[in-house]
Amino acid sequence: MLQLIKRCPEYTLGYKAYCQELYDNNVIYFRPTNPNSIDEDWFSRTKSWYDKKEKGLIEGQPISFHYWAVDNGKFIGEFQLRTEFPEKVMLDIGSIGYAVRVSEQGKGYGIEILRRGLEIAKEHGMERVLLTINDKNITLISQLNGCMNTAPYQ
Ligand SMILES: CC(C)(COP(=O)(O)OP(=O)(O)OC[C@H]1O[C@@H](n2cnc3c(N)ncnc32)[C@H](O)[C@@H]1OP(=O)(O)O)[C@@H](O)C(=O)NCCC(=O)NCCS
């Protein structure tokens, strides 16, 4: 069963493989971490930066929470939630970003990550979310249609 979990050291290698697949396939809309920078110390090296991001302590960056999507021990994708609405969120990146590793696309994971992610947004107390749709991520429309009957937002 697909789960969205907080980042954790156990899935660092899976995260690296996911980033590598997006890089190799030139996924430009959702640019992940450069896989070459992910080594065995990467998680501990970056932890305080992500912790600060959750508290809004990184200048110029909206408060954001990062979740990893795993299914039965396998790294599937990620989900990012921005809980406030500064100009960058309103005019550019929206409240939600997510992606599925290329080798696992087309299996329904994207819709499931979005559905579960919207529940998490509710748990964060968000009354509304903003999804930015443009010509580079137009697939979001079918994703939204796919999860609307079970999503916590209308
Ligand atoms: C968008 C993305 C998350 C979809 O993940 P996925 O696991 O392949 O999606 P699903 O299997 O849940 O597909 C759900 C629906 O989206 C449609 N879909 C998925 N990828 C598509 C594509 N590239 N073009 C057109 N439709 C697409 C599927 O056909 C399906 O629709 P259907 O139920 O009517 O057949 C994935 O392609 C991705 O990671 N893209 C790069 C990052 C990105 O654009 N993120 C979105 C916004 S930040």
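Around the ligand stand 20 residues, of which the closest are Phe30, Ala99, Gln105, Gly110 and Ile111; a residue is taken as near the molecule if its C-beta atom, placed from the backbone, lies within 6 Å of it. The model is a predicted one, in which local features need pLDDT of at least 70 and side-chain atom pairs count only at pLDDT 80 or more, whereas totals for chains, interfaces and linings use all residues. Residues are numbered from 1 along each chain as its sequence is written.

By residue type, this shell divides into nine nonpolar, 10 polar and one charged, where Ala, Val, Leu, Ile, Met, Phe, Trp, Tyr, Cys and Pro count as nonpolar, Asp, Glu, Lys and Arg as charged, and the others, Gly among them, as polar. At least two shell residues each come from β4 (96-100), α4 (109-123) and α5 (140-147); helices (H or I, at least four residues) and strands (E, at least two) are DSSP runs, numbered from the N terminus. Gln105, one of the closest residues to the ligand, lies in the loop between β4 and α4. Gln105 is partly exposed, with 17 other C-beta atoms within 10 Å, given that a residue is buried if 20 or more other C-beta atoms lie within 10 Å of its own, exposed if 12 or fewer, and partly exposed in between, with C-beta atoms placed from the backbone. The C-alpha atoms of Gln105 and Gly77 are separated by 9.6 Å, although these two residues are 28 residues apart along the chain.

The helix α4 deserves a paragraph of its own. Its 15 residues should span 21 Å at 1.5 Å a residue, and this agrees with its end C-alpha atoms, which are 21 Å apart; the expected span is 1.5 Å times one less than the number of residues. Gly110, Glu112, Ile113, Leu114, Arg116, Gly117, Leu118 and Ala121 are the buried residues of α4, and they pack against β1 (2-6), β2 (64-71), β3 (74-82), β4 and α5, contact meaning that the C-beta atoms of two residues, placed from the backbone, lie within 7 Å. Just after α4, Gly125 takes a positive phi of about 85 degrees.

Leaving aside residues up to four places away in sequence, Tyr15 touches Ile38, Trp68 and Phe75.

Asn26 is found in the loop between α1 and α2 (42-54) and is exposed, with 6 other C-beta atoms within 10 Å. Asn72, in the loop between β2 and β3, counts as exposed with 8 C-beta neighbours inside 10 Å.

Taken as a whole, the protein chain comes to five helices and four strands, following the pattern β-α-α-β-β-α-β-α-α along the sequence. Of its 154 residues, 23% count as buried.
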